[in-house]
Amino acid sequence: MVARTATGSMTGVLQYDKETSKSDIKNGKSQTGGKGGSKLKIMSRNNLHFLRKIFHVAAGAIFAGLYEFVLSREQALRGFGVLFVLLAIGEYARVRFVEHWLSKLTFRVMSLLARNYEATRLSGMVFFVAGVLACITLFPRNVAILSILYLSFGDPFASTCGIRYGYLGPKFSNGKSLVGSLGGLFACAFTTTVYYLYHGFPFNGSLLLVSLLGGIAGAIPETFCGRIHEGTGGPIDLDDNIAVPVGSGFIFFLFLQLFPAYL
């Protein structure tokens, strides 16, 4: 699942009116953009932000679907690699020249999907594509696709469960919750079951155990990784768009050494 909210450091990108309190800024409430004072809504981690989650699910499903049904490994690496380079260059320019009018306009367009800390940091989409590329590079096809799907489905589901129902159980020092972690585990386990059933594996004890291991593999990096911001995230300060797919893929790959038929 690192930048400070910008009452000072984001001046020129987002300017807050006098009526907007510090707590409102922290919680992602009404924020103004530019001299016109028009309201710009930017979400923090404490918001459910359903539009971002829908985009997250759709993007992961598209990447995984393309690799599953359309692209060879080499084609996926070339195509997604080009996309990564273009995104990285564009985002670096936006952050590097944060006062430029084009950077302000770009972030205003992004604001529907952005987190507040992304105003002065690379957006999560850069890390998302980097995570997809890493999975395709490092893991066998089944593991790579599942690790991308863990990011696509497990991460948003864990976040939603944690925000809505995290108070029902203990919370960790990094701001995440046991309920959120269990939600992510369930989503990853269910995704694993559906994936292997689609590929013709029988529904039996082995599949249930492999699915459980897939859920555990997805939940571990989701719980322990994330960019540290305002006292939440971590303890491993790594964007979860990289940590979840790569971490879960590595752990699941190790688990599957006991079940080589599922590799």
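Helices (H or I, at least four residues) and strands (E, at least two) are DSSP runs, numbered from the N terminus. The model is predicted: local features need pLDDT of at least 70, side-chain atom pairs count only at pLDDT 80 or more, and totals for chains, interfaces and linings use all residues. Residues are numbered from 1 along each chain as its sequence is written, and side-chain values use heavy atoms, with hydrogens and water left out.

**View 1. The protein chain has 9 helices and 2 strands.** Along the sequence, the pattern reads α-β-β-α-α-α-α-α-α-α-α. The protein chain holds 263 residues, and 47% of them are buried. Buried means under 20% relative accessible area, exposed over 50%, and partly exposed in between (1.4 Å probe, protein chains only).

**View 2. Helix H5 covers residues 124-138.** The expected span of a helix is 1.5 Å times one less than its number of residues. For the 15 residues of H5 that gives 21 Å, and the end C-alpha atoms are 21 Å apart, which agrees. Buried residues of H5 include Gly-124, Val-126, Phe-128, Val-129 and Ala-130. Gly-131, Val-132, Leu-133, Cys-135 and Ile-136 are buried in H5 too. Their cover includes helix H2 (50-70), helix H3 (73-96), helix H6 (141-165) and helix H9 (240-255). Contact here means heavy atoms within 4.5 Å.

**View 3. H5 packs on H6 at an angle of about 160°.** Their axes are 8 Å apart. Axes are lines fitted to C-alpha atoms, for helices over the stretch in contact, and angles run from 0 to 180 degrees between N-to-C directions. H5 and H6 are therefore roughly antiparallel. Angles under 35 degrees count as roughly parallel, over 145 as roughly antiparallel, 65 to 115 as roughly perpendicular and the rest as oblique. The two helices cross in a right-handed way. A crossing is left-handed if the near helix is turned anticlockwise from the far one by less than a right angle, and right-handed if clockwise. From H5 come Phe-128, Val-132, Cys-135 and Ile-136; they meet Ala-144, Ser-147, Ile-148 and Leu-151 of H6. By class, this contact of H5 with H6 has 7 nonpolar, 1 polar and no charged residues. Ala, Val, Leu, Ile, Met, Phe, Trp, Tyr, Cys and Pro count as nonpolar, Asp, Glu, Lys and Arg as charged, and the others, Gly among them, as polar.

**View 4. Ser-147 sits in helix H6.** Is Ser-147 buried or exposed? Ser-147 counts as buried, because its relative accessibility is 0%. Leaving aside residues up to four places away in sequence, Ser-147 touches Cys-135, Phe-139, Pro-245, Ser-248 and Gly-249.

**View 5. H2 and H6 pack at an angle of about 170°.** The axes of H2 and H6 lie 9 Å apart. That makes H2 roughly antiparallel to H6. On the H2 side, contact residues include Lys-53, His-56, Val-57, Gly-60 and Glu-68. On the H6 side, they include Arg-141, Ala-144, Ile-145, Asp-155 and Thr-160. The contact of H2 with H6 divides into 12 nonpolar, 5 polar and 4 charged residues.

**View 6. Helix H7 (residues 178-198) meets helix H8 (residues 205-224) at about 140°.** The axes of H7 and H8 are 7 Å apart. H7 and H8 are therefore oblique to each other. H7 passes H8 in a right-handed crossing. Among the contact residues are Ser-181, Leu-185, Cys-188 and Ala-189 of H7, with Leu-207, Val-210, Ser-211 and Gly-214 of H8. The contact of H7 with H8 has 10 nonpolar, 8 polar and no charged residues.

**View 7. H8 has 20 residues.** H8 reaches 29 Å from its first C-alpha to its last, close to the 28 Å expected at 1.5 Å a residue. Buried residues of H8 include Leu-213, Ala-217, Pro-221, Glu-222 and Thr-223. The buried residues of H8 pack against H6, H7 and H9.

**View 8. Asn-174 is in the loop between H6 and H7.** Asn-174 counts as buried, because its relative accessibility is 6%. Pro-235 is 61 residues from Asn-174 along the chain, yet their C-alpha atoms are separated by 6.5 Å.

**View 9. Leu-258 lies in the segment after H9.** At 67% relative accessibility, Leu-258 counts as exposed. Leu-258 and Val-210 are 48 residues apart in sequence, and 9.5 Å apart C-alpha to C-alpha.
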